[in-house]
Amino acid sequence: MTGSTAATFTADDYRARMERATREAAEAGLAGLLVAPGPDLVWLTGYTPPAVTERLTLLVLAAGQDPVLVVPALEAPDAHRAAGAAALTLRDWTDGKDPYAATAALLDASGRFGISDNAWALHLLALQQALPGSSYASLTEALPMLRAVKDTAELGLMAAAGAAADATFEEIRGVRFTGRRESEVAADLDRLLRRHGHEQVDFTIVASGPNGADPHHEAGDRVIARGDMIVLDFGGLRDGYGSDTSRTVHVGEPTDEERRVHDLVREAQEAGFRAVRPGAACQDVDRAARRVIADAGYGEYFIHRTGHGIGVTTHEPPYMIEGEERPLVPGMCFSVEPGIYLPGRFGVRIEDIVTVTEDGGRRLNTTTRELVIVE
């Protein structure tokens, strides 16, 4: 998370987040949460270690005690400068000492704890050895909605990231595609996202012609030719919050079939968006988009979920997929991105980030969803 994002949130904001996380952990039957370096730690404290090493860094949240951040002594000055430092107690340890014994002293010896998905096995196994009566559950399993509902400030950052991605698309549609490699256009997308404020670019998919039938195609050496349908999917982090948008463009005039398939995906994307409202199940969004494609006879070619949550990471809960009955809540942000993928021929995907409002949904991407013709 960049300095500009840290300045957006105060120690009180981080204190409120840690209090909520502690409360939700207790409601889930957990003795507490153990948060390793990564997006959860940034979201809860504003702290990103200068380097992720084998030295233990761990935030301990447990009911009835103040939040404690266990850090290596050589990184303690950086931790003290974090935006949320005033809302927690720092406990440093020096090389040669046992950080696991110090951490174990903070924990219920027989408790069950939620632990960051990205915690190192080295650290988890050492804690289990120090507290053989303890048990652990991944944070995504235990509290999947911890970061899902964004507050007003977070929604502002999400909107700014979406606007930056939109500005990137408006510029990329004006570059020359014909005769250039996919990788060259992908480099343009990376450059434009950074120009519009992204500090991190997570993906720049440029999938031309038959490569468009691969939803996660890595931009390669294929030379784009006239007549190609091209799926563009790009995003990353701007001021610590994610963007992710997809548009499908065509080099020159499309065939009737290509236009028909694109129109169908656009209709499905609109149906998915119209299904967004408080209280609706996540799966309702998937069903609405999928029904349009299936009814038109292309159901077998829509091969992924309709959407995923987004926030301080570009993919996170909730997921818009059949079987996910969790209700939508105002402040949730997620993608709506149906697609049709015809093997060996072409693919189409249209994606917006959407946030749930009090009476429906609001798109955070507003560029045209019509088929754009490029040269």
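How exposed is R15, going by its relative accessible area? R15 comes out as partly exposed, at 29% (buried is under 20%, exposed over 50%, partly exposed in between, with a 1.4 Å probe and protein chains only).

## Ground rules

This is a predicted model, where local features need pLDDT of at least 70 and side-chain atom pairs count only at pLDDT 80 or more, while totals for chains, interfaces and linings use all residues. Residues are numbered from 1 along each chain as its sequence is written, and side-chain values use heavy atoms, leaving out hydrogens and water.

## Salt bridges

There are 30 salt bridges here (a side-chain nitrogen of Lys or Arg within 4 Å of a carboxyl oxygen of Asp or Glu). R15 pairs with D12 at 2.5 Å, N to O. The two sit three residues apart in helix α2, so about one helical turn separates them (helices are DSSP runs of H or I, at least four residues, and strands are runs of E, at least two, numbered from the N terminus). D12 is exposed, at 52%.

R17 and E154 also meet, at 3.6 Å, N to O. Because R17 lies in helix α2 and E154 in helix α8, the pair ties together parts 137 residues apart in sequence. Both R17 and E154 are buried.

## Nonpolar core

The largest nonpolar core has 34 residues, with L33, L44, L59 and L69 touching the most other members (such a core is a set of buried Ala, Val, Leu, Ile, Met, Phe, Trp, Tyr and Cys residues joined through side-chain atoms within 4.5 Å). Helix α2 gives the most to this core, four residues. A second, separate core of 19 residues includes L189, L192, V249 and V374.
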